[in-house]
Each structure stands twice: as structure tokens, then as C-alpha cells.
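Work through the exercises below with the sequence and the model side by side. Try each task before reading its solution.

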Amino acid sequence: MNENPLTKYFRKPAIYVSLPTKGRFNPEIDQTIIDEIGVMPMTAIDEITLRNPDSLLNGEAMISLFKSCCPSIPNPRNLCNIDAEALFLAISYATYGKEVTHTHKCTKCDNQSDFNIDINFLLNKFPDIDVVEPIMYEDLEIHVKPPSLESVTRVALIQLEEQRIVNNIKTQSKDDADELELAKRFYSSFERVARQNVDLLSETVSMIRTKEADITDRVQINEFLANIPASLVTNINKSVEKITRKPAELNKFNFVCPVEDCGHKETISLEMNPINFSVAG
Ligand SMILES: [Zn+2]
């Protein structure tokens, strides 16, 4: 087959970024490029896929987006969730430019005006989490790592599904169904969610160091997690939470109303997601 003479016009990386975790938990990524991951703009197909709310929900759209725009990452499913959040912003930058315009209606005077969000500024606010302090418990060191994009997506889906079940049960309880039966169904629904959370937790415990050895065996770690006090589970959860999500202030923007005689100042919470990017683009 002849080489397509148009190849040289295909999209190229528009920016290079480093990951918040510096790839520490993803040894499959080529470590020589870890500080400069090339990020290409979205194709038309990427954009269309992202606008489909169903595929957004199951996270598959995000995974195919990373495959398309960050080809140097071999398996986007294994990306740490926080790295995925940063890369998603970088893809938006590569596609739409450094600023995103958002329209906001002043809560005081009802006037609508545009304000710009600097994506570069947001990217620089991501924390470095290449070192994660272990949790100490008696003479153990419990080492945790950020959960993967895949497991966070899976848990979110299950929670949504369970929420639907609970709402369903509530609707049914209006027609005088057997209360004991309803209580049983509630319980089993919550139990499933709880079990999923424990699974997520066990994925994030990467190693437990005892005085004698480093335990990495999944079965042994899971058995340990099932037999420790709830307070320790809470501590592990808190520590994982810190390295899972981007900091809350990344979604907060200061808005000053440009209308003379108003000048109202407020903080707007805005989740940067494909939907508000598509409005801006
Ligand atoms: Zn105003």
C-alpha cells in the first residue's frame, strides 16, 4: 500500500504534560517520556462519543478518549484516577485552547456574562502525589496507591445502580407492600454497595510491611482488611480519598459581575467535564 501523502497533516501532540503521580504506580508507561506525555486534540469521533451521556457514564468513553489522544499510555484503564483527571484537562487544552469560556448568570442582578477559565492554571494546581505516606498501625506500615480509572468508574456505576434499586423500593413501598420484605431488600442493596467499597479499598492497599516481610499477596491483604477494626478502615479510606480526587478548589472559580452598580462577587462551583467544554468549544 502507498503511504498516504496526507499523513503529515494528521494531528500531532499539542501539549506535553507530566502526571500528578509521575507514573509511579504505572510502571507500564515508558518512564523516559513520563515528564512529557504528548497530548493530541480530540478527533470529531472523540467529541461525538463524549457527548453521548450513556457512554460517559460507564467510563468507556474516557478510556477510548485517552487511547485516541494520549497514545503513549499503553493501558488507560490502569491510569490512576487523578492522572486521568489531569489528562482530561490537558486534552481539553489541546482541543480548545488554553482558555475555556463559561457563561454565568449573576445571582444578584440576573445579568449573564462570560468569564474565562485558564486551563493551564488548573493543571498547575494538581498536587504531586508521587510519594504517598503509609498508614501506621501497631508495628505495620500499610502502603496505599491511588485507585485506577477503571475501579473508580466501576464503583460509581454500582452506586448509581443501587440508588435506582433503592428508589424503586421506595416507590413500591407506597403501595402497601410487606414491610419486612422491603427491609430485607434494602439491607441486601446496602450490603452490595458496602462490599464494592471494600473491594475498592483492597485494590488500593498495595503492600503491607511487617517487621519480617512485605506482604503483597491479594488474598492475605483482603483477609487482613476483613478482620481489622472499622476505625482503621476509616483511616485507610481517608488517606486513599486524598489521592483519588482532584482538590475541591479546582472546581471553584471567583466571579465578579461586570455590570456597573452591581460588581457582585461570588464563588462558582463548576465541574470541568466534557459537557461544559463542548458548550465552550
Ligand atoms: Zn450582577
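Two notes apply throughout. Residues are numbered from 1 along each chain as its sequence is written. The model is predicted: local features need pLDDT of at least 70, side-chain atom pairs count only at pLDDT 80 or more, and totals for chains, interfaces and linings use all residues.

**Exercise 1. Describe the protein as a whole.**

Step 1. Begin with the secondary structure, which comes to ten helices and ten strands. Helices (H or I, at least four residues) and strands (E, at least two) are DSSP runs, numbered from the N terminus.

Step 2. For the extent, the C-alpha trace spans about 55 × 55 × 50 Å along its principal axes.

Step 3. Of the 281 residues, 23% are buried. A residue is buried if 20 or more other C-beta atoms lie within 10 Å of its own, exposed if 12 or fewer, and partly exposed in between, with C-beta atoms placed from the backbone.

Step 4. Among contacts with a separation of 6 or more, 66% are between residues 24 or more positions apart. Two residues are in contact if their C-beta atoms, placed from the backbone, lie within 7 Å.

**Exercise 2. Find the two domains and describe where they touch.**

Step 1. The division is into domain 1 (11–127 + 247–280) and domain 2 (135–244); such bounds come from an automatic or database domain assignment.

Step 2. Between the C-alpha centres of domain 1 and domain 2 there are 28 Å. Domain 1 puts 14 residues into the contact and domain 2 puts in eleven residues.

Step 3. On the domain 1 side, helix 3 and helix 4 each supply at least two residues, and helix 4 gives the most, with three residues.

Step 4. By type, that side of domain 1 has eight nonpolar, five polar and one charged. Here Ala, Val, Leu, Ile, Met, Phe, Trp, Tyr, Cys and Pro count as nonpolar, Asp, Glu, Lys and Arg as charged, and the others, Gly among them, as polar.

**Exercise 3. Locate the largest nonpolar core.**

Step 1. A nonpolar core is a set of buried Ala, Val, Leu, Ile, Met, Phe, Trp, Tyr and Cys residues joined through C-beta atoms within 7 Å. The largest one has 42 residues, and V39, A86, L87, A90 and I91 have the most contacts inside it.

Step 2. Elements that each supply at least two residues of this core include strand 2 (37–39), helix 4 (81–96) and helix 6 (149–174). The largest share, ten residues, comes from helix 4.

Step 3. Domain 1 and domain 2 both give residues to this core, so it lies between them.

Step 4. Take A86 as an example: leaving aside neighbours within four places in sequence, A86 is in contact with V17, L19, P20, L123 and F126.

**Exercise 4. Trace the strand pairings.**

Step 1. Two strands pair if DSSP finds at least two bridges between them. An open sheet of four strands has the order 5-6-7-8, with antiparallel pairing.

Step 2. Strand 5 (135–137) and strand 8 (214–215) are at the edges with a single partner strand each, so one side of each is left without a neighbour in the sheet.

Step 3. Three bridges pair strand 5 with strand 6 in the antiparallel sense; I135 has I142 in strand 6 as its bridge partner.

Step 4. Strand 9 (residues 252–256) and strand 10 run antiparallel, joined by five bridges, with F253 opposite I268 in strand 10.

Step 5. In strand 10 (residues 265–269), the number buried is zero of five residues, so this strand lies largely in the open.

**Exercise 5. Compare K22 and D261.**

Step 1. K22 has a positive phi of about 55° although it is not a glycine; for D261, also not a glycine, the positive phi is about 75°.

Step 2. K22 is in the loop between strand 1 (15–17) and strand 2, and D261 is in the loop between strand 9 and strand 10.

Step 3. K22 is partly exposed, with 17 other C-beta atoms within 10 Å, while D261 is exposed, with 6.
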